[in-house]
Structure formats: C-alpha cells, structure tokens
Amino acid sequence: VIGSEQRPGNGADMSTQADTSNPHGDVLDLLGAWAVGACDDDEIARIDRHLRECERCGAQAARLTAAASWLGADQLRPPPESLRARVLAQARERRAPAPLRTLTEAYAGQIALLDQALDSLGPEDWQRQEPRHRDVAGLLAHLTANDALLATDLDLPVIAIPGHAGPGARTAWRRQAQILTNGLRTGPAAATTLDRRVRLTTKRAPRPGRLRDALVQRAFETWTHLDDLGAVFGRVPSVPPPEQVRRILDLAMRLLPAALREHGLSRPGRAGRIVLSGAGGGEWTVPLGSTADAGIAGGAADVTIEADAVEFARLVANRRSPGTLRHTVRGDDALAPVILHVASQLGCD
Amino acid sequence: VLPDEDDVRLHERLIAGDDDALAEVYDRWAGHVHGLAMRVTADHALAEDVTQDVFVHLWERPEAFDPRQGTLRSWLCMLAHRRSVDHIRRRIARSQRQVLSADVTDHSGVDEGVILETEAKVVREAVRALPEAQLDAVLLAYFGGRTYREVAQELGIPEGTAKSRLRAALSSLADRLEAQGILER
C-alpha cells in the first residue's frame with residue numbers, strides 16, 4: 001500500500017495562495033507552518049477548528065507533525081540522571097498513583113478474555129474432559145474457589161459453587177470475579193492497601209501473602225485456565241500484556257527462595273541468574289539458599305538460565321515442565337533442573 | 001494509520017494511575033524530549049524545566065493525548081517544542097534573535113553530550129537531504145521559534161513562499177522517514 005495515494009491533497013498541485021473561501025486550501029496552505037508552531041494564534045484557532053471536522057486535513061496534519069517531531073532527533077540528549085527522580089516525584093505529588101486500580105484492571109482484562117471464550121461453549125461442552133479438573137465445569141469451579149479465597153480475605157461476599165456441572169459454573173465464576181473487581185474498584189475494598197495481608201493459593205494449603213501479589217496471581221491463574229480451556233477446544237494460546245507477564249515473573253522470582261526451602265532444595269550461598277527474553281522479560285538474580293525473602297539480588301551467579309519470558313510464565317503455571325521448556329544453561333548444570341523444577345511448582349494448578 | 005499498540009496500552013495505564021507506566025514513557029522518550037528542548041532553548045536549566053513539564057503534564061492529563069491522532073513520541077515532542085518556543089519567545093528580544101539565526105541554521109556540527117543512535121543517523125541524513133532553501137526555513141521556524149512571517153522577513157522571501165517551503169520540507173521529510181521505516185505510512 002502506497003501511503004501517499006491514500007492521502008488526497010498531498011500533491012505539488014496545491015495552491016500556495018491563501019484562500020479563505022476554501023477552508024481545505026487555506027488550512028493545507030498553512031499546515032506546514034502550523035506543524036512547526038509557526039502560525040499566529042488566530043490561524044492556529046482556525047486550523048484546529050477545521051482539523052476537528054476534516055479527516056483528510058487531519059491525516060495530513062498528523063503526518064507533518066510526525067515528520068516535524070523527528071527534526072530534533074538527530075541529536076538525542078539524555079537529561080541528567082537526577083531529573084528522572086524529580087519528574088516522577090513531582091508527578092506523584094500532582095496526581096496520586098493508583099496501583100490498586102492498575103492491578104485490578106489487569107485482572108479484569110483477563111476475566112473479560114475468559115468470559116469471551118466461554119461465550120462460544122454449547123451445553124454439551126461443559127462436560128468435555130479437561131486433564132487437570134475432570135471437565136470444563138470443574139476447571140471453572142476450581143478457579144471460582146480460588147477467587148473466593150481472596151474475596152473472603154477482603155470481607156467480600158462469597159458465591160456458592162453449583163454442585164452440578166453446567167453453565168451454572170460460568171454464572172458462579174463470573175459473579176465471584178465481578179464481586180472482587182467491583183469491590184476493589186468502587187466497593188468496600190476500594191480503600192484497602194496493596195500491603196493488606198491475604199492468602200495466596202498454592203498447590204497445597206494457601207500461604208500468607210499481600211494483596212499486591214494476590215491480584216497478580218488471580219490474573220495469572222485466570223489466564224492459565226483460559227489457555228487450559230483453549231487447549232480443550234484446540235484454540236491458539238493467548239499472551240498477556242507485557243506488563244502483566246513482567247508482574248508474574250517478578251512474583252515468581254520473589255517466591256522462589258522460600259519455595260526452594262520448602263522443597264528441601266536450598267543451596268546456601270549460591271545464586272541463579274534467570275534471563276528471560278521477549279515482551280515482559282528481564283533479568284533476575286535469585287539467591288538459592290538465603291533466608292532472605294527478597295529474592296532478587298545483584299552479584300555473581302553460579303548458573304544462568306535463558307528462556308522466553310511468556311514460556312517461563314507457563315512453566316511457573318506448570319503448563320511447561322523443566323523438560324519441555326526451551327532454555328539454555330550456562331554454569332553449574334546441576335543447579336538449573338532444581339531451579340526449574342521448583343519454579344514449576346509455584347502455581348496452584 | 002492504526003494507533004500504536006504500545007502507546008494505547010501505556011495510555012490506558014496512565015489513565016488508570018499506573019506510575020510505572022510514566023517511568024516507562026520517561027525512560028523511552030526523555031532523551032528525545034530533552035534533546036529537542038536543548039536544541040530550541042540552548043539552556044540546560046530551561047531544557048530540564050521543559051522536560052519535567054512535559055512528563056508531569058502527561059501524567060496529570062493523560063486523556064489529552066489521543067493515540068488515534070499520532071504517536072506518543074510525536075505528541076511529547078510537540079508539547080516540548082511548544083513550551084521551548086514559548087520560553088525563547090519570552091526570553092529573547094528580537095534583536096538578539098537575529099544574531100542567533102546563523103546558529104540555528106548551522107546543522108553541520110554535533111554538540112558535546114549528544115548521542116548518535118542508528119535511528120538518529122538516519123534522521124540526520126533525511127534532514128540534510130532537504131534542499132537548502134527548505135531546510136533553512138524549517139530550521140529557523142522549528143529551532144529558532146520564528147513564525148512563518150518572521151521566516152519570510154529574515155530570509156527575504158514572500159510569506160506564501162515561506163509557507164510552501166515549510167510544508168514542502170516537512171512533506172518530503174515525511175516521505176524519506178516513511179521510506180526508512182521511521183514513520184509509518
């Protein structure tokens with residue numbers, strides 16, 4: 001597709017004479033000057049008014065403005081490092097950040113995707129077999145029960161899970177999920193802090209944690225089960241937004257040291273570096289035997305594992321195993337299987 | 001042209017109050033915003049003020065940016081340019097500005113502390129490929145903060161010619177940047 005053919009008016013045939021009887025001509029004539037901020041206030045007002053109504057001139061304006069924005073880019077000049085902290089501090093002072101809202105919306109986004117996927121299910125589909133939770137209805141009941149755990153900890157209502165398999169499982173899940181998101185947006189839980197103590201789900205008994213992590217986990221689990229459902233019906237796996245992938249990975253890396261201890265697989269004094277590529281990826285150095293809960297540390301590592309970020313998130317969900325995750329290892333070969341095994345046990349199935 | 005997907009997501013996160021999103025935008029574009037402010041104001045303190053204003057404004061009023069109208073980068077630069085020009089229009093008297101004309105249109109040298117990325121080199125080539133007459137007009141207006149009438153006066157050309165040179169310069173710069181994949185068609 002040749003862009004210029006889609007932009008009527010982008011030609012050399014245009015008059016350079018100001019012609020106020022023809023608003024397009026007048027505006028197009030001034031558009032170059034306008035795009036470099038070289039018009040007077042009356043002209044700017046006239047052009048802005050016309051651009052709000054005229055898509056053709058609007059497209060041309062956007063093109064010229066975009067070109068102008070690169071004029072200075074031949075000389076990039078990073079500001080002094082101290083400016084970053086000043087800018088962010090002033091921004092937060094002018095308008096308070098709302099991370100609770102962000103994490104709630106990330107979770108709501110995954111809920112919407114799962115709900116959409118459930119739209120296409122027929123009555124008979126609910127009994128379709130699902131390897132981990134017997135059938136599709138069982139999968140949804142499992143998810144609902146874990147959502148209910150957080151609802152309980154936030155003093156929000158808990159929905160009873162229907163005993164019989166069927167579309168009722170969807171209604172219950174959706175109501176429970178909405179109670180959580182609405183409660184956190186504007187309801188009784190909206191004033192809560194992300195440091196509030198709640199329980200996190202695990203394969204075994206729930207473990208104590210913070211709301212910050214629980215919300216990441218709810219979105220993570222909702223995504224995982226969306227893809228479980230997709231697997232049953234032969235659909236393409238989904239990929240969460242990069243920032244959500246990043247949150248999942250940050251949480252997993254923080255949980256790893258304690259999980260190694262719980263599995264009796266601590267390696268005191270040693271550390272692993274995990275380098276994950278692709279959107280949402282990054283680098284983490286995880287102490288393998290420290291008693292510190294912090295999880296992320298700098299310094300030398302005994303082993304480096306490289307993999308794809310989303311694939312590693314799937315490993316954490318136990319949807320990949322150390323054997324099926326594509327990865328490379330440098331350094332101590334014996335440590336990598338231990339780290340990957342424990343990482344694959346962090347989720348709740 | 002479809003809105004940039006990264007921009008759309010960042011925009012939503014900014015509206016939701018996610019300050020990590022602001023940090024991401026800053027890390028990505030602060031060099032462009034600050035570099036532009038430095039070129040126009042030639043003043044370290046002013047350039048930092050402009051940079052701060054631009055990103056704080058985005059945080060305070062994220063809905064003022066519309067991803068359907070152009071990229072976030074382009075919007076930030078537009079804002080940085082407007083504020084920088086406001087500064088110099090207020091600060092510099094006309095007589096002094098005449099003296100500065102030569103500096104503004106001298107595009108051969110690269111200042112100290114400047115990063116030349118691959119992309120920057122491509123942009124530089126595209127800018128330098130413009131006909132001298134168009135380049136002088138566009139640099140005088142964009143970096144010198146002149147109106148097209150002042151450009152006409154300083155270059156001794158009719159106002160209509162100044163307007164058409166500005167438009168021709170940007171249009172052929174857009175052509176070149178599109179051909180290089182820096183601007184989307």
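## Strand pairing in the chain A sheet

In this predicted model, strands S7(A) and S8(A) run antiparallel to one another and are joined over five bridges. Within that pairing, A:Glu306 has A:Thr328 of S8(A) standing opposite. On the other hand, strand S5 (residues 271-277) of chain A and strand S7 (residues 303-308) of chain A are paired in the parallel sense, over six bridges. As a general point, the strands of a sheet pair through backbone hydrogen bonds, in either a parallel or an antiparallel sense.

Taken together, these pairings belong to an open sheet of four strands in chain A, with the order S6-S5-S7-S8 and mixed pairing. From one strand to the next, the twist averages 20°.

## Helices on the sheet

Helix H9 (residues 242-262) of chain A packs on this sheet, where it touches S5 and S6 of chain A, and the direction of H9 makes about 15° with that of S6(A). Helix H10 (residues 309-316) of chain A lies across S5 and S7 of chain A, and runs at about 105° to S7(A).

## Cavities and their lining

When the whole structure is searched, three cavities of 30 Å³ or more are found, and the largest cavity holds about 160 Å³ of space. Its lining is made up of 16 residues, and those that lie nearest the centre are A:Gln217, A:Phe220, A:Leu346, A:Gly347 and A:Cys348. Helix H8 (211-232) and H9 of chain A are the elements that give two or more residues to this lining, and H8(A) gives the most, with five residues. Sorted by class, the lining of the largest cavity consists of nine nonpolar, four polar and three charged residues.

## The loop position A:Thr202

A:Thr202 is placed in the loop between strand S3 (197-200) and strand S4 (207-210) of chain A. Apart from its neighbours within four places in sequence, A:Thr202 is in contact with A:Arg207, A:Gly347 and A:Cys348; of these contacts, A:Gly347 and A:Cys348 are also among the residues that lie nearest the centre of the largest cavity. A:Thr202 and A:Asn146 are 56 residues apart along the chain, while their C-alpha atoms are separated by 9.6 Å.

## The interface between chains A and B

The contact between the two chains involves 71 residues of chain B and 60 residues of chain A. Between them, chain B and chain A bury about 5,900 Å², and 58% of this is on carbon and sulfur atoms. Of the area that chain B buries against chain A, B:Tyr26, B:Arg167 and B:Leu170 supply 12%, more than any other three residues.

Key. Residues numbered from 1 in each chain as written. Chains lettered and ligands numbered in written order. Predicted model: local features only at pLDDT ≥ 70, side-chain atom pairs only at ≥ 80, totals over all residues. Heavy atoms only, no water. Pairing = 2+ DSSP bridges. Axes fitted to C-alpha atoms, helices over the stretch in contact; angles between N-to-C directions. Contact = heavy atoms within 4.5 Å. 1 Å grid on protein atoms, 1.4 Å probe; cavity = no way out; pocket = protein on both sides within 12 Å on 5 of 7 lines; lining within 4 Å. Points joined across faces, edges and corners; volume = space filled by probe spheres on them. Nonpolar A, V, L, I, M, F, W, Y, C, P; charged D, E, K, R; others polar. Buried area = accessible area lost by both parts, 1.4 Å probe.
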